[in-house]
Amino acid sequence: MNLHTTPSMPEGFTCAGVNCGLKEKGTDLSLFMSDVSANAAAVFTLNRFPGAPVIVGREIIKKGKLRAIVVNSKVSNVGTGEEGVENARRMGAAVAREFGIDQTEVLMSSTGVIAKPLPIDMIEKGILGIGSHLSTDPLVGARGIMTTDTYPKALSLSVGPSTLTMVAKGSGMIEPNMATMLVYIFTDAAIDAKTLDTMLRSAVDVSFNMLSVDTDTSTSDTCVIMANGHKGPVDEAVFSDALRFACLQMTEKLARDGEGATKLLTARVINAFSRAEARTIAKSLVNSPLIKTMAFGADPNIGRILMALGKCFDCRVDPPVIEATINGTLVYKDQKRVDFDENRVRALLSGDRVDITVNLNAGSDEALAFGCDLTQGYIEENAAYYSS
């Protein structure tokens, strides 16, 4: 499968980005629309402090239909009580009034600082006239949802006669338990809501749910898919594969743009006793601050890998049969460090990707986790996030 060189929205979908005053410069309010009611499915954060948009969104998505998604950055509308819930509903109502559509088909998201009141009056004013900014360039919508992202993220690809397009944001507070950050997926294929839900959960399970920048599960995580049917039916198996491929591609984009990150870090665990244990161990590897700093410093410190494996107390980890490779070079086997070319491995680690593979020789299951290195930039970004 190949991504389009230039991403574009599927037929019948448009998006817009405006500045409503939440940020001093750049866009801070985005809208994504279908010209007809679209079948839809979504997954949301499992954090026990969900944002108001998540609370309202869980109600709206039960219908399985959406016309629009409205998103603001800078303020997350989390920890804001009943007033926050009402403000989330006001966001949807403002879009419904502006375009003469059903309020129950408008999903809203907010991202940014937690426990600050949502400036709903500014958002409502920003929605007025937003239709004049509608575009078929998904990057227009992607820019308005950015927080600490260093660039807007969008991709698209063809699936038979249809187009599949994805827009996302996320750099920190990332270890999903359902989906991820904010991700919006659009297609002009004809697929019913129940099938979309099944496909989405399957794709998310191996992609976004295996991504971790800092082990912290966001209060606002939302992943939505809309299908307006303009291009007619598609082969569902082919579309499901394409959706999984697109989600994996976006997962890598998000990992590479982790706050302060300079490298993509992946951990593949093979021949595990079970799929669950493979996922646990892979996450242990990408989440370890010591492995993250090892990646940043291009330091082939095998002890970091052994530590991260050994702390998975409830998993089948049998030291005598463990094998480990770093960027394709075998570094550990038969309970000892392999005599590898350290300078060569350091050179490999100096690139923008660090891949660790661990063979547990305990079964036949496997998992792949995505993360990034840990740098001074992460500390600097988050030490002053509230006031940024």
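## Briefing: cores, sheets and helix packing in a predicted model

Helix 10 (residues 342-349) lies across strand 10 (323-326), strand 11 (329-333), strand 12 and strand 13, and runs at about 120 degrees to strand 11. Helices (H or I, at least four residues) and strands (E, at least two) are DSSP runs, numbered from the N terminus. Contact means heavy atoms within 4.5 Å. Axes are lines fitted to C-alpha atoms, for helices over the stretch in contact, and angles run from 0 to 180 degrees between N-to-C directions.

This is a predicted model, in which local features need pLDDT of at least 70 and side-chain atom pairs count only at pLDDT 80 or more, while totals for chains, interfaces and linings use all residues. Residues are numbered from 1 along each chain as its sequence is written, and side-chain values use heavy atoms, with hydrogens and water left out.

- Six strands form an open sheet of mixed pairing, in the order 12-11-10-13-9-14; two strands pair if DSSP finds at least two bridges between them.
- The edges of this sheet are strand 12 (336-337) and strand 14 (365-372), each of which pairs on one side only.
- Strand 9 (residues 264-272) and strand 13 (residues 353-359) run parallel and are joined by seven bridges.
- Within this pairing, Ala-267 stands opposite Ile-356 in strand 13.

**Strand 2 and its partners**

- Strand 2 (residues 29-44) has 13 buried residues out of 16, so it is largely enclosed by the rest of the structure. Buried means under 20% relative accessible area, exposed over 50%, and partly exposed in between (1.4 Å probe, protein chains only).
- Strand 1 (residues 13-18) runs antiparallel to strand 2 and is joined to it by six bridges; Cys-15 has Phe-32 in strand 2 as its bridge partner.
- Strand 3 (residues 65-72) is also antiparallel to strand 2, with seven bridges between them; here the bridge partner of Leu-31 is Val-70 in strand 3.
- Strand 8 (residues 222-227) pairs with strand 2 in the antiparallel sense over six bridges, and Phe-44 stands opposite Thr-222 in strand 8.

**Nonpolar cores**

- A nonpolar core is a set of buried Ala, Val, Leu, Ile, Met, Phe, Trp, Tyr and Cys residues joined through side-chain atoms within 4.5 Å. In soluble globular proteins, nonpolar side chains tend to be buried together.
- The largest nonpolar core has 74 residues, and those with the most contacts inside it are Ile-185, Phe-239 and Leu-285.
- Helix 6 (residues 236-256) supplies the largest share of this core, namely eight residues.
- Apart from this core lies another, of 51 residues, which includes Cys-20, Leu-31, Ile-130 and Leu-182.
- Not counting residues up to four places away in sequence, Phe-239 touches Val-159, Leu-164, Thr-187, Ala-189, Ile-191, Met-199, Ile-225 and Val-234.
- Val-159 lies in strand 5 (residues 153-159) and, at 3% relative accessibility, counts as buried.
- Val-159 and Val-238 are 79 residues apart in sequence, and their C-alpha atoms are 7.3 Å apart in space.
- When neighbours within four places in sequence are left aside, the contacts of Val-159 are Leu-164, Val-234, Val-238, Phe-239 and Ala-242.

**Helix pairs**

- Two packed helices are described by the angle between their axes and the distance between the axes.
- Helix 7 (residues 275-287) and helix 9 (residues 302-310) pack at an angle of about 140 degrees, with their axes 9 Å apart.
- Helix 7 and helix 9 are therefore oblique to each other; angles under 35 degrees count as roughly parallel, over 145 as roughly antiparallel, 65 to 115 as roughly perpendicular and the rest as oblique.
- In this pair, Ile-281, Ser-284 and Leu-285 in helix 7 meet Ile-305, Ala-308 and Leu-309 in helix 9.
- The axes of helix 2 (residues 81-99) and helix 3 (residues 120-127) come within 9 Å and cross at roughly 15 degrees.
- Helix 2 and helix 3 are therefore roughly parallel to each other.
- Residues of helix 2 that take part, among them Asn-87, Met-91 and Val-95, meet residues of helix 3 including Ile-120, Ile-123 and Ile-127.

**Arg-89 in helix 2**

- Arg-89 has its place in helix 2 and is partly exposed, with a relative accessible area of 30%.
- Leaving aside neighbours within four places in sequence, Arg-89 is in contact with Val-56, Glu-59 and Gln-103.
- Arg-89 and Gln-103 are 14 residues apart in sequence and 8.6 Å apart in space, C-alpha to C-alpha.
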